[in-house]
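Keep the 3D view open as you read.

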Amino acid sequence: MNDMTPTREQREARLEGMGCKRKRVEDIRFTQGKGNYVDDVKLPGMLHGDFVRSPHAHARIKSINTEKALKVPGVLAVLTAETLKTVNLAWMPTLAGDVQMVLADGKVLFQNQEVAFVVATDRYAADDGIGAVEVEYEALPPLIDPFTAMDADAPMLREDLAGKTEGAHGPRKHHNHIFEWTVGDRELTDLAFDKADVTIKEMISYHRTHPSPLETCQCVCSFDKIKGELTIWGTFQAPHVIRTVVALISKIPEHKIHVIAPDIGGGFGNKVGAYPGYICAAVATIVTGKPVKWVEDRMENLTTTSFARDYHMTTEIAATKEGKVTGLRVHVLADHGAFDACADPSKWPAGFMNIVTGSYDFPVAHLAVDGVYTNKAPGGVAYRCSFRVTEAAYCIERGMDILAQKLGMDPAELRLKNFIKAEQFPYHSALGWEYDSGDYHTAMKKGMETIDYAGLRREQAEKREAFKRGETREIMGVGVSFFTEIVGAGPSKNCDILGIAMFDSCEIRLHPTGSGIARVGTKSQGQGHETTWAQIIATEIGIPADDIMVEEGNTDTAPYGLGTYGSRSTPVAGAAIALAARKIRAKAQMIAAYLLEVHEGDLEWDVDGFRVKGLPEKFKSMKDICWAAYNSVPPGMEPGLEAVSYYDPPNMTYPFGAYFCVMDIDVDTGVYKIRRFYALDDCGTRINPMIIEGQVHGGLTEAFAIAMGQEIRYDATGNVLGGSFMDFFIPTAVETPHWETDHTVTPSPHHPIGAKGVGESPNVGGVPAFSNAVNDAFSFLGSTHIQMPHDFWRNWEAAKRLGVTG
Ligand code: MCN
Ligand code: CUM
């Protein structure tokens, strides 16, 4: 070795592998306006489609007259349910086992529902056409309040289900009932409550909100009549699933359907579902023989595609007087809107809501969820939710605070007392999960020390006294939130989408000169997969991350994967990537042994190549091996260096975190100031700390928005009140607090690289931290629970209700 030989550390650094704060490679094009989004797809002769939408929340359609619209210059076609019936596409299946109207068939069930699809030479002509379609409605009584959905005299929303007493998830109790889902032991739980020293009960609502990504949902469909092939560019979080669904409902053979998800401008769960726009654009291209583009506007996005939450959770906790929890009982009234279009794994009508025991050692628990129809837009699983883990975490974290208040205990102390202990992992929860790993006490204590929790509580006590003496009009709240997530759907034993097991996949192909391409079944919408997937490969096979191109989103080239949502990409595809890389390394080892004329077993892996044990100068780098793979492989071995891996995880991963929010609220104006927000996350092995931090910042900003203002509200007749950015709170840099991030590392024992997901954690843990801060501020005035969102007006209203302001 001479002086020029790089050190081991230099070789490792050059790889930019796992643990490196590698800069995001995709940002080079994003920050220069060079991304390639669906709306950038412009094909010769392309037409534009747009919807006639219902002004009513509930109405019968007496007639649709398209004659005048068809005379509008530029308008070529107007699709209605009647047209779609000729191709058997007036209704489509939902991922939740329900059916959904593509275009209104006989009646409309929510405001802005799709009624007709106008296809024209440009968007303006389509809009003129929309204005010329004549629809005659007969208004019906709307059902907006989910608490009245199952009243005896509630209007029947879904006439197509009239008389059906069985739904996709069991018996239906009422004509507006979708399913009842129960988990846990009811009898033992009731018994725990009978014997409890202390119990609490509170109706905790998680309001309706919307992920509102920067780019709305959109697609371009192009049918080639000669080849019989359909190409769809779309904002899809799960392109392969879309291809299979299109094949199943269109009868076009799956190999003749090409689905391409190009760059996506944020998804947040909004782009998982299948929407009427996709079906209509596909039908329209087949009917007209020309490519058809459909692009939602902001209002359409906010009011029709995939809302989030709308869970009303009656929460009860039983405990001993010393504060040991003994039972949890939760009933959820789930408002699904007009169709059950929740994008959950098939067997999970309420997602993973049964993680509601959270981070605590509940001996028994029972959860019951009733899903109901209302005259609101469908959806329900979106917005960094980990399949309803957001709701579950909010429920239990609010519940624990309310219990602490009743016991007169500190909320952090109550949590520490009830945490699952490090030695209890793998831990079997009362509601059926096996938590893979965790060290909650360490995380919580680290957080408490960092923010000087005890000092904050002392300050709060002093401020409360000062408030009582009339010396200040400000109240101070410390919000504590400790969450456990469940991400990585999922094991095929209990997770599928329309019967397809939720594995994920990676194909790596290395080129002779020592670079390569990795194709993965997931699809980034901003999470930085192009950067981080290459880092996993770099560490596993010693090729610099810069020399690995990552490609996702083209169903013709990527191996079949179930897509990106539920923070599943790292837990599932991340494992497939590592395992594909290990297959390559195994073959590379054989080639290296052949080149070095030793036995495979005589070699050891060393950063970026193989070395003969005990003979350090005998070394073959991965780059050398790539070249050799194309010209001098051992006799009998196939040339080339590539591998595919399909990974079916043995379990989910269970990331966790400790979040703290310090807030001051002026009782006379309701104006709050977030003094401090500290977020400690444990997502196991960290692939790229900078990307994780970015994910946490983004998720916390969304959590802040949801907890403190965002809401899709409806008036009593079903008019959407949060349908534009005038009414729907999108925080800017001005409102957004400063985020302090921290971490511990508790690897997943079953994941090849020990990594857990992180994308949704900040939203899951963030919302309860904000809400608990507000509630904690008001608690000394006798309040137990104030509903979100905690905007200035609601804070002021709470102060007024509690008699501390006029
Ligand atoms: N990561 C890491 N180390 C870990 C875990 C994750 O470095 N231990 C990195 C990953 O390599 C990846 C990113 O963090 O680059 C997120 O990974 P993961 O937690 O596996 O989540 P997914 O990639 O599956 O992303 C989905 C998740 C979801 S469900 C929503 S909703 C959400 C979120 O990601 N939508 C987003 N974050 C988003 N971020 C952006 N910019 N845009 C969205 O639409
Ligand atoms: Cu639930 S929002 Mo994300 O899973 O795409």
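An oxygen atom of ligand 2 sits 2.5 Å from a polar backbone atom of Gly-566, and that's a handy place to start. It counts as a polar contact, meaning a pair of N or O atoms within 3.5 Å; within protein, one must be able to donate a hydrogen and the other to accept it, and residues adjacent in sequence count only if both atoms are side-chain atoms. A polar backbone atom of Gly-269 is 3.2 Å from an oxygen atom of ligand 2, while Gln-237 uses a polar side-chain atom, 2.9 Å from an oxygen atom of the ligand.

Before going further, a word on what you're looking at. This is a predicted model, in which local features need pLDDT of at least 70 and side-chain atom pairs count only at pLDDT 80 or more, while totals for chains, interfaces and linings use all residues; side-chain values use heavy atoms, with hydrogens and water left out. Residues are numbered from 1 along each chain as its sequence is written, and chains are lettered from A and ligands numbered from 1 in the order in which they are written.

The copper atom has Cys-385 as its only protein donor, through SG at 2.2 Å. Donors here are N, O and S atoms within 2.8 Å of the metal (3.2 Å for Na, K and Ca), and water is not among the atoms, so sites may look incomplete. Cys-385 is in the loop between strand E20 (379-380) and helix H10 (389-407); helices (H or I, at least four residues) and strands (E, at least two) are DSSP runs, numbered from the N terminus. The residues around ligand 2 include Phe-268, Tyr-383, Arg-384 and Glu-760, where a residue is near if one of its heavy atoms lies within 4 Å. By type, that shell has five nonpolar, four polar and two charged residues. Ala, Val, Leu, Ile, Met, Phe, Trp, Tyr, Cys and Pro count as nonpolar, Asp, Glu, Lys and Arg as charged, and the others, Gly among them, as polar.

Now for ligand 1. It is surrounded by 34 residues, the closest being Gly-267, His-529, Ser-569, Thr-570 and Val-758. The shell around ligand 1 splits into 10 nonpolar, 19 polar and five charged residues. Helices H14 (529-541), H15 (569-596) and H17 (689-708) each supply at least two of the shell's residues. At least three come from each of domain 1 (8-35 + 504-647) and domain 3 (383-487 + 652-801), with bounds from an automatic or database domain assignment.

What about polar contacts to ligand 1? A nitrogen atom of ligand 1 is 3.2 Å from a polar backbone atom of Cys-683, and a nitrogen atom of the ligand is 2.7 Å from a polar backbone atom of Thr-685. The protein covers 96% of the 840 Å² of accessible area that ligand 1 has on its own (Shrake-Rupley method, 1.4 Å probe; for residues, only the protein chains shown count as cover).

Finally, some backbone details. The peptide bond from Phe-425 to Pro-426 is cis, with omega near -5°, and Pro-426 is in the loop between helix H11 (411-418) and strand E21 (427-428). Met-788 to Pro-789 is a cis peptide bond too, with omega near -10°.
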